[in-house]
Structure formats: structure tokens, C-alpha cells
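Here is a briefing on a single chain. Look over the sequence and the model before reading on.

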Amino acid sequence: MSLIEDNLDTVLPIMFKALYVISKNHWNKSIVSLVYNVLKTFMQMNAKLFDELTTSYKAECQRSVSWFLVVRIFVCLLFVSFLACMLPVVRYVVHSSVLLIIDE
């Protein structure tokens with residue numbers, strides 16, 4: 001444990017995200033319990049760094065959710081504009097198949 005304590009400023013930022021995700025999403029309760037113990041130990045070693053990493057990770061998650069929503073809205077708008085462009089073509093194909101010609 002001494003080697004990890006000596007290099008905690010290097011080790012914790014590398015491991016934090018994976019440990020945090022496992023603590024929230026893993027299906028095996030034994031694994032989650034072990035990860036909680038590791039996180040608790042890291043928090044006791046350097047509470048300030050642990051809090052900084054937690055805040056940073058939560059902000060990163062919030063940004064990724066925001067970008068996901070922006071991309072989803074953009075894709076929906078593209079699809080709607082595609083449908084609007086295709087509407088005259090669809091009308092023509094439908095009317096042609098039943099041999100109707102409608103002047104607009």
C-alpha cells in the first residue's frame with residue numbers, strides 16, 4: 001500500500017473513472033463492495049484529490065449528456081428536413097402508381 005500512497009497523485013486520476021463507473025453500474029454486489037472499499041481507502045488517503053476528481057467526473061458526465069441531447073436534436077431536425085424534401089417525390093410516386101395526376 002505504501003507504493004500506492006507515495007504515487008497517489010498519479011494513480012488515482014488514472015483509476016478513478018473506472019472505479020466510479022464500476023461502483024455505480026456493476027451487476028455483481030461483491031465487486032461493487034470491493035470497489036467501494038478501494039474508493040473509501042483512496043478517499044482517506046487524499047480527500048482533496050478525491051473530491052476534485054469526483055467533481056470533475058460529474059461535470060464531464062453532464063457535458064456528455066448535454067452533447068448527446070444536442071446531437072439527438074440535430075439528427076431529428078435533419079430527418080424532418082429530409083422528409084420535407086422527399087414529400088413531393090413521395091406524392092408523385094403514390095399518384096403515379098394509381099394513375100392519378102394532380103396539378104398543384
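What does the accessible surface of the chain come to, and what share belongs to carbon and sulfur atoms? The surface is about 8,600 Å², with 68% from carbon and sulfur; areas follow the Shrake-Rupley method with a 1.4 Å probe, and for residues only the protein chains shown count as cover.

This is a predicted model: local features need pLDDT of at least 70, side-chain atom pairs count only at pLDDT 80 or more, and totals for chains, interfaces and linings use all residues. Residues are numbered from 1 along each chain as its sequence is written, and side-chain values use heavy atoms, without hydrogens and water.

**Fold**
- The chain has four helices and zero strands (DSSP runs: H or I of at least four residues, E of at least two, numbered from the N terminus).
- Its pattern along the sequence is α-α-α-α.
- Of the 104 residues, 14% are buried (under 20% relative accessible area).

**Helix packing**
- The axes of α2 (residues 8-25) and α3 (residues 29-45) come within 10 Å and cross at roughly 145° (lines fitted to C-alpha atoms over the stretch in contact, angles from 0 to 180 degrees between N-to-C directions).
- In α2, residues including L12, F16 and L19 meet α3 residues, among them V35, L39 and F42 (contact: heavy atoms within 4.5 Å).

- V70 lies in helix α4 (residues 47-97).
- V70 counts as partly exposed because its relative accessibility is 45%, between the buried limit and the exposed one of over 50%.

Definitions and conventions. Buried means under 20% relative accessible area, exposed over 50%, partly exposed in between (1.4 Å probe, protein chains only).
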